[in-house]
Amino acid sequence: MGLLIENASQVVTCHTRGRKFKAGKFQSELGLLKNTSIYAEGGKIKWLGSKLPKILMNSVTHVIDAKGKCVLPGLIDSHTHIVFAGSRADEFSMRIKGRTYEEIAKAGGGIVSTVKAVHSTTKAKIKELARKRIISSMSFGVTTIEAKSGYGLDTKNELKMLEIINELNSEMPVDLYATFLGAHSFPKNYSRKEYIDEILYEMIPLIAKKDLATFIDAFCEKNYFSPVEIIRIFMQGMKFGLVPKLHTNQFNSIGGIEAAVRCGALSVDHLEIMKQSDINSLANSGVIAVVLPAVSYFLDIPYAPARKMIEKNIPVAIATDFNPGSAMSENIQLAMSMGVHLLKMNCEEVINAVTINAAASLGISHYTGSIEKGKQADMVMFDTPNYKDILYHFGVNQLWCTIKNGYEIKLK
Ligand code: NIG
Ligand code: FE
């Protein structure tokens with residue numbers, strides 16, 4: 001299968017020039033090409049330029065006329081909890097009337113209520129719910145998704161969630177990366193020690209044995225997991241080949257950033273409440289800052305200091321954090337719009353934040369996240385000749401075509 005995308009008005013390459021991510025002033029660099037064609041074969045980008053060489057012409061089996069369109073790398077949603085059951089609409093409505101997320105959690109709602117729903121719903125049903133959400137996410141231009149467990153909170157149900165992610169990864173035209181988030185909250189009927197022991201000595205070895213996850217994550221927060229507990233959990237995860245990422249600094253700064261940097265985490269995610277010392281520890285650490293503006297919007301909490309972090313040369317990625325409690329939206333374009341208006345990032349920084357930097361936050365930027373020769377052919381086209389329209393014309397979906405692994409994807 002030889003795919004030719006012909007004469008696109010703009011190709012936003014997000015090329016890396018050999019770097020893993022874009023930080024500081026490079027976060028604004030898009031690598032914009034005009035009136036460009038792209039040839040992909042065997043799932044990889046083989047050629048980019050103005051006129052396809054004759055030698056490749058014979059291999060073309062599918063042509064897409066992209067005149068008047070702009071092409072971007074397939075968008076990457078690098079932080080989601082897309083597998084869940086139940087609804088927290090009632091909780092949402094209570095929050096709108098003035099109760100806080102933390103108050104609701106203390107009163108037995110929050111994460112624990114989704115855990116109950118996951119326990120009482122069959123695997124097949126949860127999988128169908130997740131499948132629909134993935135299709136919806138892809139309709140906004142997403143071609144790679146990170147998805148976490150964390151609503152099981154016991155071995156059986158954590159495994160059930162991870163199995164769903166792995167099965168959907170092989171059944172659907174999207175790359176799903178599974179993250180084990182057993183340390184999301186403490187389940188009822190366990191002591192702290194009992195639950196942490198189950199994570200360390202049952203869940204992690206079993207997940208590694210069955211090869212069910214790439215990453216290990218935890219929620220570093222008051223009333224959840226402490227930095228000391230997280231370091232223990234990450235150390236054990238790493239021993240079994242899992243790569244750490246951390247939910248931290250959402251409501252309080254309690255040492256999560258330092259713990260994550262010490263463990264060599266790939267990313268720290270949330271970062272709504274950052275002390276200057278947190279920003280300093282992140283600077284030059286190579287750890288990606290994944291910011292989640294939809295959480296701030298939805299929970300009415302402060303926004304992550306994205307500008308300050310970019311000024312300190314910290315690579316910033318944006319993700320949806322799609323989950324039923326703190327960000328009930330899979331629309332990455334909405335998160336991008338929030339990136340511009342609420343995080344005060346420029347259009348170019350935002351685009352790099354959902355492509356190459358998002359790929360770096362999953363350790364896959366050598367493979368996807370930019371349009372470059374040799375990379376996986378993951379691309380999305382928008383029905384406009386100017387990439388700025390994706391952010392300028394907000395609230396509507398201008399996605400026109402999705403290419404995943406060299407194939408055009410029909411979503412409906
Ligand atoms: O990323 N902060 C912790 N975990 C999720 C929310 C989970 C939930 O409320 O169900 C988050 O915001
Ligand atoms: Fe999250």
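Ala, Val, Leu, Ile, Met, Phe, Trp, Tyr, Cys and Pro count here as nonpolar, Asp, Glu, Lys and Arg as charged, and the others, Gly among them, as polar. The model is predicted, so that local features need pLDDT of at least 70 and side-chain atom pairs count only at pLDDT 80 or more, while totals for chains, interfaces and linings use all residues. Residues are numbered from 1 along each chain as its sequence is written, and side-chain values use heavy atoms, with hydrogens and water left out.

**Exercise 1. Find the domains and describe the pocket between them.**

Step 1. The domain assignment, which is automatic or from a database, gives domain 1 (2-73 + 370-408) and domain 2 (76-360). Their centres, taken over C-alpha atoms, are separated by 29 Å, and the contact (heavy atoms within 4.5 Å) takes 33 residues from domain 1 and 33 residues from domain 2.

Step 2. A pocket is found on a 1 Å grid over the protein atoms alone, as an open set of points with protein on both sides within 12 Å along at least five of seven lines, and its lining residues have an atom within 4 Å of a point. The second largest pocket holds about 250 Å³ of space, a volume being the space filled by probe spheres set on the points.

Step 3. Among its 18 lining residues, Lys20, Phe21, Ala360, Gly363 and Ser365 lie nearest the centre, and by class the lining has seven nonpolar, eight polar and three charged residues. Because domain 1 and domain 2 both give residues to this lining, the second largest pocket lies between them.

**Exercise 2. Describe how H6 packs with H7.**

Step 1. Helix H6 (residues 155-171) and helix H7 (residues 192-209) pack at an angle of about 35°, with their axes 11 Å apart, where axes are lines fitted to C-alpha atoms over the stretch in contact and angles run from 0 to 180 degrees between N-to-C directions.

Step 2. Thr155, Glu158, Leu159 and Leu162 in H6 meet Glu198, Glu202, Met203, Leu206 and Ile207 in H7, and the residues of this contact divide into five nonpolar, one polar and three charged.

Note on methods
Chains lettered and ligands numbered in written order. Helix = DSSP H or I, 4+ residues; strand = E, 2+ residues; numbered from the N terminus. 1 Å grid on protein atoms, 1.4 Å probe; cavity = no way out; pocket = protein on both sides within 12 Å on 5 of 7 lines; lining within 4 Å.
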